[in-house]
Amino acid sequence: MTTTSHPSAELAAFASSLRYEDIPAPVLRRCEDLLLDTLGSILAGARSRPVLSIDKFARAMGPADGPAEVLVSRRRTTPLFAAMVNAAAAHMVEQDDVHNGSVFHPAAVIFPPVLAVGQAIGASGRELLAAAVAGYEVGIRIGEFLGRSHYKIFHTTGTAGTVAAAAAVGRLLKLDAGQMLNAFGSAGTQAAGLWEFLRDAADSKQLHTAKAAADGITAAYLAQDGFTGARHILEGPQGMAAGMSTDADPAKLTDRLGTRWALAETSFKYHASCRHTHPAADALLQVVREHKLEAADIDRVVTHVHQGAIDVLGPVVDPRTVHQSKFSMGSVLALIALRGYAGLTEFDMGLADKDVAAFRDKVSMQLDREVDEAYPARWIGKVTVYTRDGRELQGRVDEPKGDPGNTLSRPEIEDKAVRLGTYAGAATEAEVRSLIGWAWKLADLERVGALLPA
């Protein structure tokens, strides 16, 4: 791979020159797994009000026909508007992937633009996979570079995700290293996404992924046409880190490029909630199963968490929507105690459930030094459960379900895809099974083509 004099350029050179043949087979297979997982998430979010609103906007502003597929409504339009809607849907039900170290959800902002542009230009399956890997490697490293201080205020999926989308689309468009660097500059100057929406149960999270995907496409196509962008957009004195971070580490941008495959470090989400709740949820589930507890046996639960969990979940004290309840530690643990699982249906039924509300008030978060120091490289789950008969029980999980060391098998991924794809009636089980077959043979396809019948 070509090296240059500064990290942004070195990262851009890597993304522009990455070939399918450069990528280890296990990484490619994991990319296929993540793609199928994302397709399920898109379909599961298809009927939600925020996604329908963004789709309505896209219908009003974009062409009524085109080469790219809007999966949520089975119509066709331009890549920009198709990616915008699909990306909004991908992040709606909180089942899309997450990379721990960068605290970044790559799939929602990488696969929608790659699919849309791939359909538009007639890309092969191998070209699509290589482009997606390029997006993952770039986006994850930018998230790690921006650090913990960034995530306290900014939604990394909206910020680093914009550049990740540009990198993935730029690879599909075969941008050279200079053009890719320009695409980074144009993407980075548009990067946005603030956590304040959580306090109001606002719909902004879907706008974050929609805009990251669309703005990444915009940046890549403009760069292809010679449009220039800031060459030090990441690490420059008035770049992203300067405005969005106090602990940025430029070395993270080029960390073992071509030998460390960050995509393979990505986790699947087992519970349908914010990832910050998962470690504690698994730890509580461990205690409940080991001691054969019922929810009524539990007097209170203390979750021992990292600061990032407190920053993101802390503002949600009285969830008013299903989506907001997925950012409530108490709501998630209530479903674990009462139902044994925090899935899509459980959240739908739980918002108005008085038992869920009552248990929510028994849950508290407490900053834990060990957990905080391990984060974000490791997301340790620790809980203390106090029972009504006076016992004090400890639960600990070092790798939550879905992490690379405790990952989902392909059969589990297939089951999850069927569950998600049929959840809101966006697809039939037969159609999801067809998507599964498509994903597993993607590397052999000469053209990506349409995924679902009109």
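Residue numbers start at 1 along each chain as its sequence is written, and side-chain values use heavy atoms, without hydrogens or water. In this predicted model, local features need pLDDT of at least 70 and side-chain atom pairs count only at pLDDT 80 or more, while totals for chains, interfaces and linings use all residues.

**Domains**

The assignment gives domain 1 (7–269 + 411–444) and domain 2 (275–397); such bounds come from an automatic or database domain assignment. Domain 1 puts 26 residues into the contact and domain 2 puts in 24 (contact: heavy atoms within 4.5 Å). Their centres, taken over C-alpha atoms, are 29 Å apart. Together the two domains bury about 2,200 Å², with 59% of it on carbon and sulfur atoms. Buried area is the accessible area (1.4 Å probe) lost when two parts are put together, summed over both.

**Largest pocket**

The largest pocket holds about 320 Å³ of space. A pocket is an open set of points on a 1 Å grid over the protein atoms alone, where a 1.4 Å probe fits and protein lies on both sides within 12 Å along at least five of seven lines; lining residues have an atom within 4 Å of a point. Volume is the space filled by probe spheres set on the points, which are joined across faces, edges and corners.

Why does the pocket lie between domain 1 and domain 2? Both domains give residues to its lining, so it lies between them. There are 23 lining residues, and the closest to the centre are Ser48, Pro50, Met92, Val322 and His323. The lining divides into 12 nonpolar, six polar and five charged residues. Here Ala, Val, Leu, Ile, Met, Phe, Trp, Tyr, Cys and Pro are nonpolar, Asp, Glu, Lys and Arg charged, and the others, Gly among them, polar. Helices H3 (49–61), H13 (322–325) and H15 (344–350) each supply at least two lining residues. H13 gives the most, with three. Helices (H or I, at least four residues) and strands (E, at least two) are DSSP runs numbered from the N terminus.

**Salt bridges**

The structure holds 33 salt bridges (a side-chain nitrogen of Lys or Arg within 4 Å of a carboxyl oxygen of Asp or Glu). Two cross the interface of domain 1 and domain 2.

| Pair | N to O distance |
|---|---|
| Lys152 and Asp311 | 3.0 Å |
| Lys269 and Glu94 | 3.1 Å |

Lys269 and Glu94 are 175 residues apart in the chain.

**Backbone**

A cis peptide bond joins Tyr375 and Pro376, with omega about 5°. Lys174 is not a glycine, yet has a positive phi of about 60°.
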